[in-house]
Amino acid sequence: MPQRCRQEDNVSTVDQPRPSAALGLEPIRTISRDDLRAKLDNGDDFKLIMALSRWAYDAKHIPGSLHFDTPDELYASIRPEDEIVVYCSNVDGLSSVALYRDLVLRGYGNVRRYSGGLLDWEDAGLPLEGEFVTSS
């Protein structure tokens, strides 16, 4: 599946949510599917956080993902110096955009967003965990 690109106001954007889903004007730092997969395969030390509901996490998530039911749980489990990757369902998913923006606002300096999210990961045939994962 090709990477999603758009031309808006003569500026090329790759893996950025539509303006109505961006929740701000600053560009969002992203990580590609291949780079995320390599980090997971290499056992790199980072926090991969799924920013969807508990039900969605229990249904399907990328192996190695963390999920927090409350902001208090989240902020008690991560440090500002941690490398953090957030994701949700797709490029326009508000959950990961909102979490990304909040982390950056709180001073977390090494945050990226896997914009393709769960749909991109699954469409690429990569492994998933959860109650509704079907084996191929």
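Where is the place of E129? Select E129 and you land in the segment after helix 5 (117–123); helices here are DSSP runs of H or I with at least four residues, strands are runs of E with at least two, and both are numbered from the N terminus. Before moving on: this is a predicted model, where local features need pLDDT of at least 70 and side-chain atom pairs count only at pLDDT 80 or more, while totals for chains, interfaces and linings use all residues. Residues are numbered from 1 along each chain as its sequence is written, and side-chain values use heavy atoms, leaving out hydrogens and water.

Stay on E129. With a relative accessible area of 38%, E129 is partly exposed (buried is under 20%, exposed over 50%, partly exposed in between, with a 1.4 Å probe and protein chains only). Beyond neighbours within four places in sequence, E129 is in contact (heavy atoms within 4.5 Å) with A59, K60, H61, P63 and G64.

Four strands make an open, parallel sheet in the order 4-3-5-6; strands pair if DSSP finds at least two bridges between them. Strand 4 (65–66) and strand 6 (111–113) are the edges, each with a single partner strand, so one side of each has no neighbour in the sheet. Zoom in on strand 5 (residues 84–87), joined to strand 6 by three bridges, and find I84 opposite V111.

Last stop: S96 in helix 4. S96 is buried, at 0% relative accessible area. Leaving out neighbours within four places in sequence, S96 touches A51, V86, Y87, C88 and R113.
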